[in-house]
Amino acid sequence: MDIKTLLNNLHEEVSCSVCMITFTDPKMLPCLHSFCLHCLEGILRTSGRHDIITCPECRRESRVPGSGNLKDLPTNFRINSLLDVLAIQACSTTGVKCGNCDKKSSQSLYCFQCCAFWCDDCITGHNIIRANKDHRVLALKDFQDQDIEDVLKRPAFCGKPGHEKKELEFFCKTCEEPVCYSCAATIHGDGHIKILLEEAANESKAEAKTVIESQKEMAQKMRNKIFQIDQNCAKIRGEVANAKRRVQQFADNIFAVIETKKQEIIHEVENQGQQSLQRLEIQRNEIEHQAQKIETGIENTETLLKRSTNLEIAQLDKTLKTIFQEGVRLEGGQVDCDLEGLRQFIFVENETLLEKAITEGIGSFKTF
């Protein structure tokens, strides 16, 4: 991250995710997440355990240092450096606390060797000390980006009481912690394997690079599998869409065939019905014609009977037979015409087709 981006995101970088305010005494868990010491102490206190602490970020469980004191967790020196940078940025509005007298001032200075802020009054005492004559001191108002980067590269100092000004120069491999020269000679004396901090850092870098390469390879394999899964997902979506289209097309074809057959049957029913109606209409017309002839003969006969004399009526026997024979021929009181039989129009369902569709469906779905 370049310095400008870092400065733009500085408040986010120096805010504890538990208390949501600026870090105080930032401590780092083995999972590399950092929190305020008092926040971690509160988490441990409410967890009901004294030997295990759970990271609020990743929920990974870590062992409490053997001393039982969370103060012995590694200090996040980078965050401490960022806190100094934040103080430098805010000095014009809030002022900075002097590392000697605790007085806040907006006209403070920063010593890159002492890694401390000095007010105008105390800087004079700092400068008159012979050991500090080569110290680089700069007013906060004169800070540039490169000066900020120098603050971030400042050395780390020992956290043991009385060693606050002693730089961490060694790494105790036995205790797996950085130590100053005094600690290396006393607390981490005989029997402890110690190497220069730079050498330990180089070893850690080499191990980290090996792990990183291994993790990169694993991550790449996972990405390849994810890519393959994405391809399979896309293929499955395509296959699903294709199967749905084929089902729809087949169903549409069946519907089209059924519709055609339906129309054929309906047409046949209508045709047969029309033919039957036409025949009945012809018969009706014929009978109507015959009935009219009979009715006309009856009317004429009745008129003749009313107007004729007995002699004329007696001579009408043959005439009447001729009149009615021209109308219709009576045989046992029946009309001389065969009526069209009453037809029943019944649709005979193809129950086999319906049962087959119900039991076997229109097809089947399979995956391979």
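The following conversation asks how several descriptions of this predicted model are reached.

User: What makes the protein more spread out than a compact globule?

Analyst: The predicted model contains 12 helices and 12 strands, and its radius of gyration is 56 Å, whereas the globule rule gives 21 Å for 368 residues. The C-alpha trace spans about 180 × 50 × 40 Å along its principal axes, and 25% of the 368 residues count as buried.

User: Why is α4 called roughly antiparallel to α7?

Analyst: Helix α4, residues 77-89, and helix α7, residues 145-152, pack at an angle of about 150°, with their axes 8 Å apart. Angles over 145 degrees count as roughly antiparallel, and therefore α4 is roughly antiparallel to α7. On the side of α4, the contact is made by Ser81, Leu82, Asp84, Val85 and Ile88, while α7 contributes Ile148, Val151 and Leu152. Sorted by class, the contact of α4 with α7 has 6 nonpolar, 1 polar and 1 charged residues.

User: Why does Leu32 count as exposed?

Analyst: Leu32 lies in the loop between β1 (26-28) and β2 (34-36), and its relative accessible area is 64%. Since exposed means over 50%, a value of 64% places Leu32 among the exposed residues. Leu32 also has a positive phi of about 80°, although it is not a glycine. Most residues other than glycine have a negative phi.

User: How do you know that Arg59 is exposed?

Analyst: The reasoning uses the cut-off of over 50% for exposed residues, and because Arg59 has 58% relative accessibility, it counts as exposed. Arg59 is found in the loop between β3 (52-54) and β4 (61-63), and its phi, near 65°, is a positive value in a residue other than glycine.

User: Why is Ala243 called partly exposed?

Analyst: Ala243 belongs to helix α9, which covers residues 197-307, and it has a relative accessibility of 27%. Buried means under 20% and exposed means over 50%, with partly exposed in between, so the value of 27% makes Ala243 partly exposed. Ala243 and Phe365 are 122 residues apart in sequence, while their C-alpha atoms are 8.5 Å apart in space.

User: What makes helix α12 hardly covered?

Analyst: Helix α12 runs over residues 351-360, and the count of buried residues among its 10 residues is 0. A residue needs a relative accessible area under 20% to count as buried, and none of the residues of α12 is counted as buried, which is what the description "hardly covered" expresses. Just after α12, Gly361 takes a positive phi of about 75°.

User: Which residues of helix α3 are buried, and what covers them?

Analyst: In helix α3, residues 37-47, the buried residues include Leu37, Cys39, Leu40, Gly42 and Leu44. The elements that cover the buried residues of α3 include β1, β2 and β3. Helix α3 is followed by Gly48, which has a positive phi near 85°.

Key. Residues numbered from 1 in each chain as written. Predicted model: local features only at pLDDT ≥ 70, side-chain atom pairs only at ≥ 80, totals over all residues. Heavy atoms only, no water. Axes fitted to C-alpha atoms, helices over the stretch in contact; angles between N-to-C directions. Helix = DSSP H or I, 4+ residues; strand = E, 2+ residues; numbered from the N terminus. Parallel < 35°, antiparallel > 145°, perpendicular 65-115°, else oblique. Contact = heavy atoms within 4.5 Å. Nonpolar A, V, L, I, M, F, W, Y, C, P; charged D, E, K, R; others polar. Rg over C-alpha atoms; globule rule 2.2 N^0.38 Å. Buried < 20%, exposed > 50% of the residue type's maximum accessible area, 1.4 Å probe, protein only.
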